[in-house]
Amino acid sequence: MTLDTIDVHHGYGTETVFDGVSLSVRRGEVLAIIGPSGVGKSTLLRLLALFDAPDQGTVRYGGEPVWQIPEWQRLEYRRRIGMVFQEASLFDASVRRNAEYGLRVRQSWPDRIRHELATLVGRTNGTGDAIDALDTVGLREKADQDASSLSGGEAQRVAFARALAYEPDVLLLDEPTSDLDPRNTAVIEDAVLEAKNRGIGVGIATHDMHQAERIADRVAVLLENDVIEIGSPETVFENPADERTRKFIDGELVY
Amino acid sequence: MSLEPATVAPLLAEFPFEWNYIRSIVRVSLYVSITAVALSTAFSLPVALLVGFREFPGKTLLASIINTGMGFPSVVVGLVVLFTVSNEGPLGSWDLVFTPEAMILSQFVLAAPVITGVSLAAVSSVEQNVRDAAYAMGGTRFDVALVTIKEARYGIATAVLAGFGRAISEVGSVLIVGGNIANADGTSVTRTLTTAIQLEARQGRFRTAMILGAILVALVLLVNALVVRLGNGGGGRYG
Ligand SMILES: Nc1ncnc2c1ncn2[C@@H]1O[C@H](COP(=O)(O)OP(=O)(O)OP(=O)(O)O)[C@@H](O)[C@H]1O
Ligand SMILES: [Mg+2]
């Protein structure tokens, strides 16, 4: 299952962000998207997450152009994609309820209402998958705490777990570790690799070249409104085909 | 008034009748105001979500109607509602003049702008990030709306209580559309706490008026205490 963009043009108002971007996220790989601040990494992830329709060009899931079908059909594709934002953005509820959210919206309404009522009377017979996902990021024992009581790093790990809980085919991460210490970063990176080994396709925007080297199978370099280069970390970091890539990596290109 | 046994005894003898009277007034007041606030809430929440998050023609106009409505004089609302339900008005065939239902209608008109306005402030303060997260995890637009309401729950509860405070304590519109009617046996038909106080005071029955006033103040204090508690409870977001 592949998520891809074909010749996408996109912008905000009169400002162009993409001028013909083609890129794919494949199952069982980690694709790192690197590029200077403001180049459009978050914008690209929002397009891949089917949040926004591109101004021009095609976004496809498994070969299906998702903006040519009605919203209720697109929902089926959206539900195979998980997205984690740079800020954790947790709900003002328990850690467990945060982790369960994706599973709950996929339930039938009678089941959801029954679940809500059970929670109201304090019976939290938590869904196994949500607890497993919390386990992946080492936060199983915090399930019954308030999300607001977590540290920033823990909150980001919960944000990751709740996108993992419903077992998406594609996971999109927007600089998930940029505010984290090395230990929390390692937890997230391990979880990314575990997700990949389960066959999930991961797209991760990052500022951290070392992170891209550590976990990526392919690296896409976003510069000047386009993906100027895409390849294995070895090629991109050590032997780039595009001169601009080398300059960006060497820090000579200052944006 | 002194509390010598000699003066208290006759008052107590009179009490059962008075007590039934007061109880029926409280019942009518609560029925009218709670129903009006429930209906206003059901109407106001979707409106607040629409105004808060959607662009549509006439949005600015609607927002200023809400703001104006929050301070609208209740007698004028009463007048307009009375006309609406009168024989000449569009709802004339419903026969609502001087009924509790007419009072519900006028309190609905009074409470809805308050509840909409305060809810709008509450839902607007929900972070876009949190709404995006609900959508990203496979939520529909309806799920995003539910999440927004849950996140804004303390502010929305404050809005509902503020609407209730306005409804239960206003006198102008219920007097006009309800007519302050009681049965011969002294039970209230459309007599509320506020209209009863107005009548009892005018007729010099200060004791009854004072009891009714104390009940009204107690209700409003209770509501305000709840608002303050919710305000404290809403403070603890993660950060
Ligand atoms: N909602 C928006 N409205 C208008 N312009 C926007 C909006 N979102 C992003 N932009 C602009 O689009 C460009 C790309 O922004 P984007 O957030 O995608 O960059 P980024 O690569 O993720 O940056 P960073 O590394 O700082 O997160 C920027 O110039 C930004 O100002
Ligand atoms: Mg970004």
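What share of the contacts in chain B with a separation of 6 or more comes from residues 24 or more positions apart? The share is 74%, with contact meaning heavy atoms within 4.5 Å.

## About the model

This is a predicted model, in which local features need pLDDT of at least 70 and side-chain atom pairs count only at pLDDT 80 or more, while totals for chains, interfaces and linings use all residues. Residues are numbered from 1 along each chain as its sequence is written, chains are lettered from A and ligands numbered from 1 in the order written, and side-chain values use heavy atoms, leaving out hydrogens and water.

## Chain B overall

Chain B has 10 helices and zero strands (DSSP runs numbered from the N terminus: H or I of at least four residues for helices, E of at least two for strands). Of its 239 residues, 44% are buried, that is, under 20% relative accessible area with a 1.4 Å probe, protein chains only.

The accessible surface of chain B is about 11,900 Å², 69% of it from carbon and sulfur atoms (Shrake-Rupley method, 1.4 Å probe).

## The annotated domain

An unreviewed UniProt entry places "domain: ABC transmembrane type-1" at residues 26-227 of chain B; such annotations may be inferred rather than shown by experiment. That stretch is 76% helix and 0% strand, with its end C-alpha atoms 22 Å apart.

## A helix pair in chain A

In chain A, the axes of α6 (residues 152-164) and α7 (residues 182-197) come within 9 Å and cross at roughly 10 degrees. Axes are lines fitted to C-alpha atoms over the stretch in contact, with angles from 0 to 180 degrees between N-to-C directions. The crossing makes α6(A) roughly parallel to α7(A) (angles under 35 degrees).

How values were computed:
Parallel < 35°, antiparallel > 145°, perpendicular 65-115°, else oblique. Buried < 20%, exposed > 50% of the residue type's maximum accessible area, 1.4 Å probe, protein only.
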